[in-house]
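The sequence and structure are shown first.

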Amino acid sequence: MLISTAYAQAAGGAGATGDLLQTFLPLILIFAVFYFLIIRPQSKKMKQQRAMIDAIRRGDKVITAGGIIGTVAKVKEGGEVQIDIAENVRITVIQSTIANVLSRTEPADKASNDSKKEDKKTSE
């Protein structure tokens, strides 16, 4: 005959909870692997990108998402940034479209400015 005989399984009483755990364990492991290999690193990268964009200030050399390289001239309210791309050429871009910061300018330390003023006073 071409049709095989089907047999009924025994009714599962106490072994059903162990069988349920064996069923869902691979799914739980797959989710854990996805979390640690894909979701977590991506969220860390997004957080670093957001922090980099929020820390942009005047004088930083940046690359926009469109590939334009320029120097930040002014950070405006509302998430806009003015970028100098050539002499007498200034464009306004949305701050979130900045892809990378090539070089950062160091903020002027108040202590170093005060010491320079004191040096000038003592030399006079």
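Contact here means heavy atoms within 4.5 Å. The model is predicted: local features need pLDDT of at least 70, side-chain atom pairs count only at pLDDT 80 or more, and totals for chains, interfaces and linings use all residues. Residues are numbered from 1 along each chain as its sequence is written, and side-chain values use heavy atoms, with hydrogens and water left out.

**Asp 60**

Leaving aside residues up to four places away in sequence, Asp 60 touches Ala 55, Gly 70, Thr 71, Val 72, Val 101, Ser 103, Arg 104 and Thr 105. Asp 60 lies in the loop that links helix 1 (16–54) to strand 1 (61–64); helices (H or I, at least four residues) and strands (E, at least two) are DSSP runs, numbered from the N terminus. The relative accessible area of Asp 60 is 0%, so this residue counts as buried (under 20%; exposed is over 50%, partly exposed in between, with a 1.4 Å probe and protein chains only). Its side chain makes a polar contact with the side chain of Arg 104 at 3.4 Å. Such a contact is a pair of N or O atoms within 3.5 Å; within protein, one must be able to donate a hydrogen and the other to accept it, and residues adjacent in sequence count only if both atoms are side-chain atoms.

Five strands form an open sheet in the order 4-3-2-1-5, with antiparallel pairing. Strand 4 and strand 5 are the edge strands, each pairing on one side only. Two strands pair if DSSP finds at least two bridges between them.

| Strand pair | Bridges |
|---|---|
| Strand 1 and strand 2 | three bridges |
| Strand 2 (69–75) and strand 3 | four bridges |
| Strand 3 and strand 4 (89–94) | six bridges |

Val 62 stands opposite Gly 70 in strand 2, Lys 74 has Gln 82 in strand 3 as its bridge partner, and Glu 80 faces Ile 94 in strand 4. The hairpin of strand 2 and strand 3 has four residues between the strands, and Gly 78 in its turn has a positive phi of about 85°. In the hairpin of strand 3 and strand 4 there are two residues between the strands, with Asn 88 in the turn at a positive phi of about 60°.

**Core**

The largest nonpolar core has ten residues, among them Met 52, Val 62, Val 72, Ile 98 and Val 101. Helix 1, strand 3 (80–86) and strand 5 (98–103) each supply at least two of its residues. A nonpolar core is a set of buried Ala, Val, Leu, Ile, Met, Phe, Trp, Tyr and Cys residues joined through side-chain atoms within 4.5 Å.
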